[in-house]
Amino acid sequence: MSINAGLFTHFESLTFDDVLVVPGWSEVLPTDVDTTAKVSNLVMKVPLMSAAMDTVTEAPLAISLAREGGLGVLHRNLSVEAQAAEVDRVKRAQAGMISRPVSLGRGATLADAEAVMAAHKISGVPICEADGRLVGILTNRDVRFCGPEDDDKSVTAFMTSEDLVTAPVGTTLDEAVKVLHRHRIEKLPLVDDGGILRGLITVKDIIKRVEKPNSTLDQHGRLCVGAAVGVTDTAERTEALAAAGVDVLVIDTAHGHTRGVIEAVRTIKKGWPEVKVIGGNVVTREGVDALAEAGADVVKVGVGAGSICTTRIVAGAGMPQMSAIHECAMAAREHNVQGAPLPIIADGGVVTSGDIVKAFVAGADAVMLGNALAGCDEAPGDLELVDGAMWKTYRGMGSAGAMRGRASDRYGTAQNQGKHVAEGVEARVRYAGPLHELVSQLMGGLRSGMGYAGAANLDDLRDRTRLTRITGAGLRESHPHDVDVLRD
Ligand code: XMP
């Protein structure tokens with residue numbers, strides 16, 4: 001039973017603007033609160049995920065958000081190969097130790113090496129015998145003064161091979177930093193007892209870690225990333241995305257309490273038991289139960305709450321988001337996944353940082369954002385100047401534009417029968433600058449809300465914070481009123 005159970009009755013549903021967090025006894029400062037969320041295999045210092053939408057999440061946003069401490073979910077309005085390549089881009093963006101470094105054989109020419117370095121955007125490449133034994137390393141420094149006349153020459157003529165600095169497998173990052181510094185080098189190949197190349201640690205990756213200590217990382221020190229799959233292409237996409245190293249899959253549907261979604265969860269769990277699955281979207285206790293029983297590791301909540309959604313208008317179906325989160329969170333607590341309650345993600349309708357605070361109080365473990373991130377630099381699409389203001393395109397994945405040219409199965413049977421009834425709009429949002437700034441504003445709001453609630457961490461916020469229902473007059477009072485706002 002939650003502290004707010006009395007507020008959420010069975011026949012009336014509430015959303016963000018219907019409620020406020022009641023300020024409570026507080027001994028915590030916003031700067032000291034812990035916002036870490038544990039969602040299945042992910043530990044996120046910033047409990048925010050980006051929506052799997054083609055105007056929100058591709059590799060650049062997923063990289064930036066994971067570096068801030070959140071998680072990007074790559075959209076699936078792409079071919080299977082292209083989506084897997086996006087996963088690969090994120091996974092290669094940064095590494096603790098690169099376990100499968102790109103390398104070349106003795107027979108390669110300088111032109112080959114330059115092509116490989118340009119294609120992978122890397123500044124050096126180890127050179128190995130056919131059996132993998134390391135014989136040298138070729139870096140930008142070795143070829144700085146080479147010209148076209150050297151193109152056909154062997155890499156062995158230029159590589160550094162004498163006094164090559166290497167370290168054994170198992171070298172920690174701290175030990176690697178010392179070796180890199182002692183020898184004033186930028187790349188440290190790791191070799192086994194037989195001299196076979198087993199990994200590479202680079203200064204660039206170490207600097208990235210130091211710059212962004214909150215990053216969401218996997219066990220190899222690579223950025224974490226999620227990706228969407230549908231119900232008609234589940235196995236094919238899962239195969240490719242898992243091979244590319246995806247950390248979590250999201251079954252991306254508008255209605256997750258369906259046979260198709262339950263079967264998709266089972267397909268993944270049976271064929272790829274090691275892959276974590278987020279199932280959704282649902283808004284009821286029964287929906288959570290069905291997904292949990294099918295084996296979902298996380299459940300995503302929200303139908304029709306998204307800022308670009310028209311599901312509630314077109315289909316007359318949905319559930320105001322605060323009630324949906326609360327009901328699903330209560331149900332999720334009764335399911336145990338590897339010793340912890342089933343986590344839920346609140347997806348849709350979150351526009352302000354205050355909404356994020358309220359979503360956690362209702363029971364969310366993480367919050368998914370579309371609108372709130374679509375205006376940032378890293379989101380796909382160009383800036384548009386309209387009437388002196390800068391905008392970026394933001395459209396529903398069920399909008400006519402997003403569905404055109406692909407076999408959409410997100411919006412149910414009408415589409416599958418070829419009728420293409422749109423359940424989303426094509427729109428634009430204000431340009432919002434770099435993601436880093438946006439995330440610090442949103443997290444500043446979350447921290448502030450936790451301060452008012454007296455919550456030292458997200459568990460406190462969920463378990464001990466009271467909400468109150470407000471009226472229309474209360475909502476008017478909540479916004480700036482009786483003034484002419486000069487600056488927002
Ligand atoms: P926000 O409010 O952050 O919501 O913009 C993003 C979420 O909206 C969902 N989504 C849609 N829902 N029609 C819908 O009814 C659509 O075309 C559509 N596109 C996205 C999705 O759950 C997303 O995360």
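Me: Two strands count as a pair if DSSP finds at least two bridges between them. In this predicted model, what makes β12 and strand β13 (residues 248–251) a pair?

Reply: The cut-off is at least two bridges, and 4 bridges join β12 to β13. The two strands therefore pair, and they run parallel. Within this pairing, Gly-226 stands opposite Val-248 in β13.

Me: What makes strand β5 (residues 71–74) and β12 a pair?

Reply: They are joined by 2 bridges, and at least two are needed, so they pair. These strands also run parallel. Gly-226 in β12 is the bridge partner of Val-73.

Me: How do you know that both faces of strand β12 (residues 226–229) are covered?

Reply: Look at the residues on each side. Gly-226 and Ala-228 lie on one side, Ala-227 and Val-229 on the other, and all are buried. To be called buried, a residue must have under 20% relative accessible area. In general, side chains in a regular strand alternate between the two faces of the sheet.

Me: Why is strand β14 (residues 276–282) called largely enclosed?

Reply: In β14, 7 of the 7 residues are buried, so the strand is largely enclosed by the rest of the structure. β14 pairs with β13 in the parallel sense over 3 bridges, and Leu-249 stands opposite Val-277 in β14. From β13, the chain crosses through helix α8 (residues 259–271) to β14, in a right-handed β-α-β crossover.

Me: What joins β14 to strand β15 (residues 298–301)?

Reply: 4 bridges do, and the two strands run parallel. Val-282 stands opposite Val-301 in β15. Helix α9 (residues 285–294) carries the chain from β14 to β15, and this β-α-β crossover is right-handed.

Me: Why is the unit made by β12, helix α7 (residues 234–244) and β13 called right-handed?

Reply: The word describes a clockwise path from the first strand over the helix to the second, seen with the strands pointing away from the viewer. β12, α7 and β13 make a right-handed β-α-β unit, so their path runs clockwise in that view.

How values were computed: Residues are numbered from 1 along each chain as its sequence is written. This is a predicted model: local features need pLDDT of at least 70, side-chain atom pairs count only at pLDDT 80 or more; totals for chains, interfaces and linings use all residues. Side-chain values use heavy atoms; hydrogens and water are left out. Buried means under 20% relative accessible area, exposed over 50%, partly exposed in between (1.4 Å probe, protein chains only).
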